[in-house]
Amino acid sequence: LDVIWGEPAEITPPLANGDDLMRELGLPPGPELGRLLAAIGEAQADGTITTRDEALALARRLAERK
């Protein structure tokens, strides 16, 4: 548990990691992978996504736009 502004904050594990994206989307390691992971992290933090499947779907959509 971390403390943010005096309040305990639970750290939740990421819904997907780099290995997941490389395997599921066929992506190589690199900046694009990092960009997708950051987007997943932001969406997870704000509650937009809550499952691994949603994380992978978001990464697919973002990867297709590039």
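1. Asp53 lies in helix H3; helices here are DSSP runs of H or I with at least four residues, strands are E runs of at least two, and both are numbered from the N terminus. With a relative accessible area of 58%, Asp53 counts as exposed. The terms work as follows: buried means under 20% relative accessible area, exposed means over 50%, and partly exposed is in between, using a 1.4 Å probe and protein chains only. The C-alpha atom of Asp53 is 8.7 Å from that of Ala16, and the two residues are 37 apart along the chain.

2. A word on the basis of these values. This is a predicted model, in which local features need pLDDT of at least 70, side-chain atom pairs count only at pLDDT 80 or more, and totals for chains, interfaces and linings use all residues. Residues are numbered from 1 along each chain as its sequence is written, and side-chain values use heavy atoms, with hydrogens and water left out.

3. The structure holds five salt bridges. A salt bridge is a side-chain nitrogen of Lys or Arg within 4 Å of a carboxyl oxygen of Asp or Glu.

4. One of these joins the side chains of Asp20 and Arg23, at 2.8 Å from N to O. Both residues sit in helix H1 (residues 18–25), and because they are three residues apart, about one helical turn separates them. Their accessibility should be read separately: Asp20 is buried at 11% relative accessibility, whereas Arg23 is exposed at 55%.

5. Asp20 also forms a salt bridge with the side chain of Arg52, at 3.5 Å from N to O. Asp20 is in helix H1 and Arg52 in helix H3 (residues 52–65), so this pair ties together parts that are 32 residues apart in sequence. Arg52 is partly exposed, with a relative accessible area of 31%.

6. Arg52 has a salt bridge with Glu24 as well, at 3.6 Å from N to O. Glu24 counts as partly exposed, at 37% relative accessibility.

7. Which residues are linked in a network of salt bridges? They are Asp20, Arg23, Glu24, Arg52 and Arg60. When checking this in the model, recall that Asp20 is buried, while Glu24 is partly exposed.
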